[in-house]
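Hi,

Here is the structure I promised to pass on.

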Amino acid sequence: MQLGITLPNSHLFQPKDVKLKCNGFPLNASVNAQSVNLKTLSPSTEMTKKHIANLEKLLQKTNPVDSNPVIQQSCNNRSTLENKRRNLLEGLNLANIWPDEMRKAAEEMSPRHLNRLKRLLSSKSIEFSPRNNLASRWKEYHGSNNWLGLLDPLDENLRRELVRYGEFIQAAYHCFHSDPATSVEEVLPERHVALPDRSYKVTKSLYATSSIGLPKWVDDVAPDLGWMTQRSSWIGYVAVCEDRNEIRRMGRRDVVIALRGTATCLEWAENFRDLLVEQNVGDDCAEGAVQSKVECGFLSLYKTSDDLRVPSLAESVVNEVQRLIEQYKGEPLSITITGHSLGAALALLVADDLSTCVPNAPPVAVFSFGGPRVGNRGFADRLNDNNVKVLRIVNNQDVITRVPGMFVSEGLDKKLRESGAGRVLDMLDCRMPWAYSHVGTEFRVDTKMSPFLKPDADVACCHDLEAYLHLVDGFTASNCPFRPNAKRSLVRLLNEQRSNFKRLYTSKGKGLTINLDREHNFSTSSCLPSPSS
């Protein structure tokens, strides 16, 4: 480096007077002829070198200088004050001072929680979940291994399937309540059912007929409520998947039989006929086996016909399934029967008939919601022997799932048999008219796990189908809380069970317009309208 500078006697260095020419390091000590004598000014030279070194460091520094130190100081003061406040609140440790109820209330009032609630209560923000491909595992989801390893924790694909089949039942409820009266025509017309899945097509309407009737004067007293006392009522439908993309996704063509729950007076009357009767009178029973028996009222609704005008439910469903099997011969088929309450009981009778009366029947599975007991242990063994797969979705607080029957629960029955009391229990099964037993695999949910429903919700809420679908959509595992990212809309549940909602959510829902018509605008075949992973 060459220097051309003037050094004042005060040894002060002014950067504006410096002219630098950089030729690399270290500093070049040669100075031109007009420069000062370095020997005589060695202290000044040393000082100059120091100033030049400092100047080089200054020129090489790239960080900008704060142009407004006052603002910077103000920001630092504010940050220090916030830190002091934060440390003070942490020192108070309010989380341990507040009781759990107050902490939960504060969390429920948080903006994030209320925004999510607003979305769930709004019928204008239906969220969709794509359907995963089930082709390689469809038999597993259809119960080939009794849903082993899929229930706790609940498999996300099985969750979607359960809610989807539950919505088929809801379509049956909606169709019946839109026109509950049975036509007086000799040939009953096929009803239009607004299916939740457009890839399916309804092929047959199903009717159930009671074997008992009410006096004629009842119709004279209340002529507008004749549907409540009619012997035959529309109870469900048969539908088959016809969309090629959906068939590829599921790995087979699916036939769905959906059955609604109790709605008419005579159906309620049949429910209370709770004595066990032989399912098929005259059938031989294997030695040591228990004779198959089912509830008298359920069997009556299943087997009774209304003269020649309305065939029995048993005849209608068996003939239609046989026709579909013949129509789609050579294709992989499955039969899925789904029902709620009374429909869940009738679904077991349908499954038993199809597994025994239909030759070369495809795999038969039952998804029941809130179903009562239907028969004795002999009936349960009969279904197991015929390879009928049953998944019962049960709410802990639903009393309907614990009736009929008056003796021991299934769990206690198993323990007693293992302890050596099997012979006594077999005698009771053969001779007692209320020795009922549940069928299949149980999947248990709990109203108390829902953050929206009251823990002491009434009997109607705990048995409600929409409440079941809400609980299934939110279920993760038996030891886990309600699924935080559950997306099923609360609109229908709030509309039907407002008195069983926690007050916070009913007050927030008052300002929202509930339009269930929009809920019936079902999604296309590539999406599901509610649950998500």
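Which residues does P153 touch, not counting residues up to four places away in sequence? Contact here means heavy atoms within 4.5 Å, and on that basis P153 touches T476 and A477. P153 sits in the loop between α6 (138–141) and α7, and is exposed at a relative accessible area of 52%. Its C-alpha atom is separated by 8.9 Å from that of N479, 326 residues apart along the chain.

Before going further, some housekeeping. This is a predicted model, so local features need pLDDT of at least 70 and side-chain atom pairs count only at pLDDT 80 or more, while totals for chains, interfaces and linings use all residues. Residues are numbered from 1 along each chain as its sequence is written, and side-chain values use heavy atoms, with hydrogens and water left out.

The overall picture: the protein chain has 21 helices and 13 strands, taken as DSSP runs numbered from the N terminus (H or I, at least four residues, for helices; E, at least two, for strands). Of its 533 residues, 44% count as buried, where buried means under 20% relative accessible area, exposed over 50% and partly exposed in between (1.4 Å probe, protein chains only). Among contacts with a separation of 6 or more, 78% are between residues 24 or more positions apart.

On to the rings. Rings of Phe, Tyr and Trp (its six-membered ring) pair if their centres lie within 6.5 Å; planes under 30 degrees apart are stacked, over 60 edge-to-face, and the rest tilted. The whole structure gives eight aromatic pairs. One of them is Y165 with F367, stacked at 5.2 Å centre to centre and 10 degrees between the planes. That pair links distant parts of the chain, with Y165 in helix α7 and F367 in strand β10 (residues 364–369), 202 residues apart. Y165 is buried at 2% relative accessible area, and F367 also counts as buried, at 2%. Ring pairs join W147, Y165, F168, Y200 and F367 into a cluster.

Now the spaces. They were found on a 1 Å grid over the protein atoms alone: a cavity is a set of points where a 1.4 Å probe fits but cannot get out, a pocket is an open set with protein on both sides within 12 Å along at least five of seven lines, and lining residues have an atom within 4 Å of a point. Points are joined across faces, edges and corners, and a volume is the space filled by probe spheres set on them.

The largest pocket has a volume of about 730 Å³. It is lined by 27 residues, with Y173, T262, H340, S341 and H463 nearest its centre. The largest share of that lining, four residues, comes from α7.

Over to you!
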